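This briefing is meant for a reader who is meeting the structure for the first time. Please look over the sequence and the model, and then follow the points below, which are grouped by topic.

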Amino acid sequence: MFSKEEAQQVRKEFWIAFGKSFPRKWILYHTKVKDFAFKFNADAKKAEVSLDIEINDEIFRNAYFEKMWSLESILEEELGEIHKDEFYTLENGKVISRFWITKENVSIYNKNTWQEIFEFFVEKMDGFERVFYEYEDFIKDV
């Protein structure tokens, strides 16, 4: 097991390695919709690519969630099986809406799985971005 400092260093190395392996600009937070962002996440057991709708106003959050849900078949065509939760609770207790794809049995702390995670990140985020750009006007019209 890693100490807190060692774990932090491994995470830092992981993200640097990802950026060097796949040096491209991702849309992530630059959707031009406040609190509507694409995210990468990796931990000791899995990797995830998600769309987090963190809008505090529940009516607007729900409207964006419904828009994305209406694109579910298109998202699944691009990404494969996608999970969704209109009332997803973050570790800090904040409730958001989330669409995400998970890759199990990989670990940010196992360098032998890093390439697998990187390839998963690129494939799935690229799919999310294609759908977003294709349907951007529809999504933003809330």
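Glu81 lies in the loop that joins α3 (72-79) to β3 (83-89), where helices (H or I, at least four residues) and strands (E, at least two) are DSSP runs, numbered from the N terminus. The model is a predicted one, in which local features need pLDDT of at least 70 and side-chain atom pairs count only at pLDDT 80 or more, while totals for chains, interfaces and linings use all residues. Residues are numbered from 1 along each chain as its sequence is written, and side-chain values use heavy atoms, with hydrogens and water left out.

**Glu81 and its surroundings**

- Glu81 is exposed, having a relative accessible area of 61%; here buried means under 20% relative accessible area, exposed over 50%, and partly exposed in between (1.4 Å probe, protein chains only).
- Leaving aside residues up to four places away in sequence, Glu81 touches Glu76 and Ile101, a contact being heavy atoms within 4.5 Å.
- Between the C-alpha atoms of Glu81 and Trp100, which are 19 residues apart along the chain, the separation is 9.0 Å.

**Helix α3 and its partners**

- The buried residues of α3 are Glu72, Leu75 and Leu79.
- Seen down the axis of α3, these buried residues fall within an arc of 60°, so they line one face of the helix; the arc is that of the directions from the helix axis to the C-beta atoms.
- On the face of α3 turned away from its buried side are the exposed residues Ser73 and Glu77, whereas the cover over the buried residues includes α2 (58-70), β3, β4 (95-104) and α4.
- The axes of α3 and helix α4 (residues 114-134) come within 9 Å and cross at roughly 145°, where axes are lines fitted to C-alpha atoms, for helices over the stretch in contact, and angles run from 0 to 180 degrees between N-to-C directions.
- In this contact, Ile74, Leu75, Glu78 and Leu79 of α3 meet Lys124, Gly127, Phe128, Arg130 and Val131 of α4.
- After α3 comes Gly80, whose phi is positive, near 90°.

**Tyr64 in helix α2**

- Tyr64 is placed in helix α2 and is buried, with a relative accessible area of 10%.
- Not counting residues up to four places away in sequence, Tyr64 touches Val33, Phe36, Ile53, Ile55, Ile139, Lys140 and Val142.
- The C-alpha atoms of Tyr64 and Ile139 are separated by 7.0 Å, although these residues are 75 residues apart along the chain.

- Most residues other than glycine have a negative phi.
- Leu28, which is not a glycine, has a positive phi of about 40°; this residue is found in the loop between α1 (4-21) and β1 (36-42) and, at 21% relative accessibility, counts as partly exposed.
- Lys32, which is likewise not a glycine, has a positive phi of about 65°; its place is in the loop between α1 and β1, and Lys32 is exposed, with a relative accessible area of 75%.

**The chain as a whole**

- The protein chain has five helices and four strands, which follow the pattern α-β-β-α-α-β-β-α-α along the sequence.
- Its C-alpha atoms fill a box of roughly 45 × 30 × 25 Å, taken along the principal axes.
- Of the 142 residues in the protein chain, 41% are buried.
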